Amino acid sequence: MKPSTKAVHVGQEPDGLTGSVIPPIYQTTTFAQTAPGKPVSEFDYTRAGNPNFTNLEKTLAALEDARHATVFSSGLGALTSWVLAAGKGRIVTTKNIYGGTFRLLTAVFKNYGVEQTILDRHEPEHLIGAIKKNTKWILIESPTNPLLDIIDIRAVAKEAHKKGVRLIVDNTFATPILQKPIELGADVVLHSTTKYLGGHSDVVGGALITNDGSLKNEYDFFRKAVGVNPSPFDCWLVSRGLKTLVLRMGAHENNAGAIAHELKKSKLIRDVYYPGLTSHQGHDTAKKQMNGFGGIVSVRFQNPSQADRFVRKLKFFSLAESLGGVESLVCIPSKMTHASIPENERLKLGVDDALVRMSVGIEDKEDLLEDVRAALKSL
Ligand SMILES: *Cc1c(COP(=O)(O)O)cnc(C)c1O
């Protein structure tokens with residue numbers, strides 16, 4: 001079965017009781033039992049499980065070509081359960097991770113004895129070179145945020161496994177339509193379903209996906225034990241969003257590629273970061289491990305005031321954090337998504353005030369190009 005068929009049909013069978021083509025929202029706290037300790041089905045209390053969780057888990061696992069998924073209240077809820085299941089072994093990661101992930105590791109779990117090595121670099125040799133005796137996991141994102149660097153997932157997985165270390169890949173930016181980390185050797189995939197998977201900027205959610213049944217059991221356990229479960233309605237919204245994921249990713253990419261090439265022509269711009277450009281650092285690796293280059297474009301102006309005026313001038317790009325919705329968004333990472341990182345650290349990551357990140361939506365390509373051209377012209 002191909003991804004567009006999976007997205008519409010897997011986990012979305014018509015309701016057995018009424019024939020309702022769309023599975024209902026099981027907006028219930030608890031499930032009646034026929035005798036003490038004998039619930040009617042596998043469900044007893046929604047913090048532990050709910051049909052809308054299971055439906056979404058089936059679709060997500062199918063899209064990543066994996067056996068199991070567990071859905072959570074948010075991407076960070078999923079990460080919390082992953083860290084708890086990882087136990088006290090050392091985690092190796094890089095500074096080029098989502099700000100909330102960095103904060104969860106350094107401002108929360110560090111205080112609870114979770115050892116971590118957080119590298120400035122993220123090439124496979126640096127990640128593997130940082131492995132110590134007690135290292136259990138490597139955590140990476142590819143493409144990275146906001147500069148869209150590409151990490152060779154297959155190379156990291158292969159070398160990590162030789163040392164008995166497992167790999168989790170945050171696949172939020174690529175989605176399973178453009179990249180399947182488990183096929184490339186990763187042990188676990190993480191998603192913030194808040195972004196492309198939900199796709200309409202109206203829900204917050206997360207997921208962990210794996211082929212390992214014992215990890216799946218641990219993730220289910222920590223969801224219930226810690227209380228990082230999603231709501232049935234939120235899962236239903238993500239299930240609904242997923243049905244158009246293939247179509248949306250095609251449109252995002254088509255628009256983003258056109259905008260990247262348009263920006264590349266401007267003399268006001270020092271650099272355009274988009275994995276689809278042959279000039280991009282990770283273009284060759286991206287071609288090897290991805291089925292497309294995605295919908296995020298970052299751009300560095302000659303100076304901060306140009307960046308500031310550009311984002312104010314755009315008509316169809318709302319100035320907002322987050323990404324992956326049908327509507328175009330733009331942000332200045334140094335002042336928004338990455339504002340909590342100390343300035344010297346931010347600059348080392350290449351996140352200065354002249355850098356703009358665009359989450360290109362699915363509006364008409366010509367309208368978006370016109371908008372970008374007009375904003376550039378006004379500078
Ligand atoms: C948004 C995001 C997260 C966190 O997800 P939430 O749903 O906001 O908790 C994690 N990783 C990446 C790459 C993200 O973009």
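Which residues surround the ligand? In this predicted model, the ligand is surrounded by Ser74, Gly75, Leu76, Tyr98, Glu141, Asp170, Thr172, Phe173, Ser192, Thr194, Lys195 and Gly205. Among them, Asp170 has a side-chain N or O atom 2.6 Å from a nitrogen atom of the ligand. Ser192 places a polar side-chain atom 2.8 Å from an oxygen atom of the ligand, and for a polar side-chain atom of Lys195 the distance to an oxygen atom of the ligand is 2.7 Å. The ligand taken alone exposes 370 Å², of which the protein buries 93%.

The loop between strand S6 (135-141) and H6 contains Pro143, and Pro146 is found in the loop between S6 and H6 as well. Most residues other than glycine have a negative phi, and most peptide bonds are trans. The peptide bond from Ser142 to Pro143, however, is cis, with omega near -5°. Asn145 and Pro146 are also joined by a cis peptide bond, with omega about 5°. Leu148, found in the loop between S6 and H6, is not a glycine, yet its phi is positive, about 55°. Leu148 counts as buried, because its relative accessibility is 3% and the cut-off for buried is under 20%.

Helix H6 comprises residues 153-162, and its buried residues are Ile153, Val156, Ala157 and Ala160. Seen down the axis of H6, these buried residues fall within an arc of 95°, so they line one face of the helix. The face of H6 turned away from the buried side carries the exposed residues Arg154, Lys158 and Lys162.

A positive phi also occurs at Thr175, which is not a glycine and has a value of about 65°. Thr175 is located in helix H7 (residues 175-178). Thr175 is buried, with a relative accessible area of 0%.

Buried residues in H8 are Leu215, Lys216, Tyr219, Phe222 and Arg223. They cover an arc of only 130° around the axis and therefore lie on the same side of H8. After H8 comes Gly227, with a positive phi near 90°.

Aromatic rings were examined next. A pair of aromatic rings is described by the distance of the centres and the angle of the planes. The count comes to 6 aromatic pairs. One of these is formed by Tyr274 and Phe293, whose ring centres are 6.5 Å apart with 70° between the planes, an edge-to-face arrangement. Tyr274 lies in the loop between strand S10 (269-273) and helix H11 (283-289), while Phe293 lies in the loop between H11 and strand S11 (296-301); the pair therefore ties together parts that are 19 residues apart in sequence. Tyr274 is buried, with a relative accessible area of 2%. Phe301 and Phe310 form a tilted pair, because their ring centres are 5.0 Å apart and their planes stand at 50°. Phe301 is buried, with a relative accessible area of 0%, and Phe310 counts as buried at 0% relative accessibility.

How values were computed
Residues are numbered from 1 along each chain as its sequence is written. This is a predicted model: local features need pLDDT of at least 70, side-chain atom pairs count only at pLDDT 80 or more; totals for chains, interfaces and linings use all residues. Side-chain values use heavy atoms; hydrogens and water are left out. Buried means under 20% relative accessible area, exposed over 50%, partly exposed in between (1.4 Å probe, protein chains only). Helices (H or I, at least four residues) and strands (E, at least two) are DSSP runs, numbered from the N terminus. The arc is that of the directions from the helix axis to the C-beta atoms. A residue is near a molecule or strand if one of its heavy atoms lies within 4 Å of it. A polar contact is a pair of N or O atoms within 3.5 Å; within protein, one must be able to donate a hydrogen and the other to accept it, and residues adjacent in sequence count only if both atoms are side-chain atoms. Accessible areas come from the Shrake-Rupley method with a 1.4 Å probe; for residues, only the protein chains shown count as cover. Rings of Phe, Tyr and Trp (its six-membered ring) pair if their centres lie within 6.5 Å; planes under 30 degrees apart count as stacked, over 60 as edge-to-face and the rest as tilted.
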